[in-house]
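Okay, thanks for coming, everyone. Have a look first.

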Amino acid sequence: MDAEPGISEEPLAVLCDGVRLAGGACVPADPIGTVVLLHGLPSINPPDPNDIGYPGLARDFAGRGWAAVWADMRAVRKSPGYFSIEGWVRDVRAIVDAARALPGAHGGRLALVGVSAGGAVSVEATARGAPVDALVLLASPAAWVSFASVPQAGVQRITQEAGMALHPDVLADPTAWAEEFDTVVPERAIKSVRVPVLVVHGTEDDVVPVDHGQRLGDLSDRAEVRIIEGAGHQLRQLPEVVDQVDEWLRARLT
């Protein structure tokens, strides 16, 4: 898919812990702000041929006037490295810093849009001081289920279902790796987030139950919760959700 006239597309230079992350940016001539798009855990299932992916979503936001950035965090798709949840939190900060350094972004206001597990690490990175002006969480978990409590189940989830690499030391003994999930808990971190938050969740989400979104909203005095009746987990693929996110961000950042 080619960029729209007046929108430049370029690689995004992100280096974190010695790992060069794959990513890109779509920047209109006079952006109204910057949107950083962060994915969740990948799947080994064949991709949906109708899914425009995060590069396509970035083009959509750029067409609406935003400088839009996407990146694959470590161990995902074209990014090398070994997966860890704390590593992903550091990746978020590095991606945000790279987005703020884009020449076309002009240091304007910036929002993180985190999807599923990408929302979880976005909450944590924001709570730890990432320079973010607004936070959008699409189908984000409030807490983890089978990582720290059952390390081997977590290893299986990551290597077999998500297809991500783990360090050989983690495969030999995943205890410390799994315990990191107890340091990245969205329902705890969101209490420290001091920017506007939009929580969006679908009633038919079969990956992260809808009560997770409601819990996140209840624990934050900065959050607005929108429950989408009949929607599943892939909220980023729903045009009406993207429209709502765009409208909400415009009201708070422009």
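Let me start with a term: a nonpolar core here is a set of buried Ala, Val, Leu, Ile, Met, Phe, Trp, Tyr and Cys residues joined through side-chain atoms within 4.5 Å. Buried means under 20% relative accessible area, exposed means over 50%, and partly exposed is in between, with a 1.4 Å probe and protein chains only. Keep in mind that this is a predicted model, so local features need pLDDT of at least 70 and side-chain atom pairs count only at pLDDT 80 or more, while totals for chains, interfaces and linings use all residues. Residues are numbered from 1 along each chain as its sequence is written, and side-chain values use heavy atoms, with hydrogens and water left out.

The largest nonpolar core has 57 residues, and F83, I95 and W177 are the ones that touch the most other members. Helix α2, residues 85–100, gives the most to this core, nine residues. Helices (H or I, at least four residues) and strands (E, at least two) are DSSP runs, numbered from the N terminus. Take I95: leaving aside residues up to four places away in sequence, I95 touches L12, V14, L21, V36, L38, V69, A71 and M73. Contact, by the way, is heavy atoms within 4.5 Å. There's also a second, separate core of 30 residues, including A58, V136, V242 and W248.

Now, back to α2. Why is α2 largely enclosed by the rest of the structure? Because 12 of its 16 residues are buried. Among them are W88, I95 and V96, but also E86 and D91. The cover over the buried residues of α2 includes strands β2, β3, β5, β6 and β7, plus helix α3. From first C-alpha to last, α2 reaches 23 Å, close to the 22 Å expected at 1.5 Å a residue; that expected span is 1.5 Å times one less than the number of residues.

On a 1 Å grid over the protein atoms alone, a cavity is a set of points where a 1.4 Å probe fits but cannot get out, a pocket is an open set with protein on both sides within 12 Å along at least five of seven lines, and lining residues have an atom within 4 Å of a point. Grid points are joined across faces, edges and corners, and volume is the space filled by probe spheres set on the points.

The largest pocket comes to about 1200 Å³. It is lined by 43 residues, and G40, L41, P42, S43 and Q234 are the closest to its centre. Helix α1 supplies the largest share of that lining, three residues.

R77 has a positive phi, near 50 degrees, and isn't a glycine. R77 sits in the loop between β6 and α2, and is exposed at 53% relative accessible area. S116, also not a glycine, has a positive phi of about 55 degrees. S116 is in the loop between β7 and α3, but counts as buried, at 11% relative accessibility.
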